Amino acid sequence: MSDSVRRAVTRYAETYPELEVLTGEWVARVTAMLDEAGINYLTVSGRAKAVASFSAKAARRLDGELVYDDPLVDITDQVGVRVITYVASDVVAVAELLADQLTVLDDRDLGLETAGEGRFGYASRHVLVTRDTGEGVSYDRTRCASVQLRTVLQHAWAEFEHDIRYKGSVPEQLVADLDRRFTLAAGLIELADKEFSAIRDRLQLQLGSQPAEAVTDDPRIGASELTAFLAGRYSTAGWSRTDRYAWISGLLLELGITSLDEMSELLQGIDSDDVTAQMGYRYPPGAVRRLDDDLLHHFGRLYLDLPGNAHRRDALSARMAKLTTPRRPRPDPFAPRPSPHPPQVSRVTR
């Protein structure tokens, strides 16, 4: 190990406890962002890169030269966050949310890169984000995180493949056969991911077209009822996490809304598409977020001051400001356009 690598590893080991704290903060931040946006996901986890893993990566060489001139700066996955979703469209939604809420320094879709080479294999999207904003923003390991986005099936393939290959126990005579089998499995997983998406889309469409069964032993609207209702109300929105339906049902109870009929009557006069347009989202908000916006639009300050919203009052205030700011009218495409050559005005000399 060279002296420069040894110094970098020593410095990394000294600051490792700080990176563990930062990792926990990033996991909490990303989780809160996903929940607030109403985007469905399975898990959010994180890890600070282990000292041994950092040391091995810092010592990598290519053609005899160190790959990383300055490991503490060039190795950008020191703080890692992993978001696992159920379907591929939610991976895209999470990536768009990160781009909207944070500054993206790098965004690599390794699945697309693999497909571009005409192969099946590792599929994961890696987004390097920072809390900093402005021009000239660069990597700072105390303010950045590498966020890895995968579907649950992509995650299963990647974890199993990593476990097999990196244990170093694969006999040489089996390598070619295992490569072929992993490739075959990756192709099947891509097909399965597409089927998962089709299943969800089909179910969402069906839920939105049938009446939900009422639950009478709880004053709140049931999560399953609400899921079916919102699938019909916001047919283009993705599902939210199950616990988010229960959460917003509690807010509805605070407003005195205990049935789908009451909620349907309330929402009847709200142009949800217009509300969403005023918010100016750069990512597709989930169904619960769409309802949250409509309730904020209708009730305003009353909704903001609900006890159940105390923890996010500042965020709701910022969103309410968007709803109360007049928007510039869209130009009428059929209105007559002024001539690019205005008529000459003749001057009369007295």
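**Note on the sheet and the aromatic contacts**

1. Five strands form an open sheet in the order β1-β4-β7-β6-β5, and the pairing is mixed. Strands β1 (43-48) and β5 (103-109) are at the edges with a single partner strand each, so one side of each has no neighbour in the sheet. From one strand to the next the twist averages 20°. Helices (H or I, at least four residues) and strands (E, at least two) are DSSP runs numbered from the N terminus; two strands pair if DSSP finds at least two bridges between them.

2. The model is predicted: local features need pLDDT of at least 70, side-chain atom pairs count only at pLDDT 80 or more, and totals for chains, interfaces and linings use all residues. Residues are numbered from 1 along each chain as its sequence is written, and side-chain values use heavy atoms, with hydrogens and water left out.

3. Strands β1 and β4 (residues 79-85) run antiparallel and are joined by six bridges. Opposite S45 stands R82 in β4.

4. Helix α1 (residues 3-37) packs on the sheet, where it touches β1, β4, β6 (125-130) and β7 (144-151). Contact here means heavy atoms within 4.5 Å. The direction of α1 makes about 165° with that of β1; axes are lines fitted to C-alpha atoms, for helices over the stretch in contact, and angles run from 0 to 180 degrees between N-to-C directions. Helix α6 (residues 152-165) also packs on the sheet, touching β4 and β7, and its direction makes about 105° with that of β7.

5. The count of aromatic pairs is five. Rings of Phe, Tyr and Trp (its six-membered ring) pair if their centres lie within 6.5 Å; planes under 30 degrees apart count as stacked, over 60 as edge-to-face and the rest as tilted. F160 and F182 make a tilted pair, 6.0 Å centre to centre with 50° between the planes. This pair links distant parts of the chain, with F160 in helix α6 and F182 in helix α7 (residues 175-207), 22 residues apart. F182 counts as buried because its relative accessibility is 8% (buried means under 20% relative accessible area, exposed over 50%, partly exposed in between; 1.4 Å probe, protein chains only).

6. Y281 and Y283 also form a tilted pair, at 5.1 Å centre to centre and 55° between the planes. Y281, at 19% relative accessibility, counts as buried, and so does Y283 at 5%. Elsewhere, ring pairs link Y12, Y16 and F54 into a cluster.

7. The charged end of R241 sits over the ring of Y41, 4.1 Å from its centre. A charge sits over a ring if NZ of Lys or CZ of Arg is within 6 Å of the ring centre and within 35 degrees of the ring normal.
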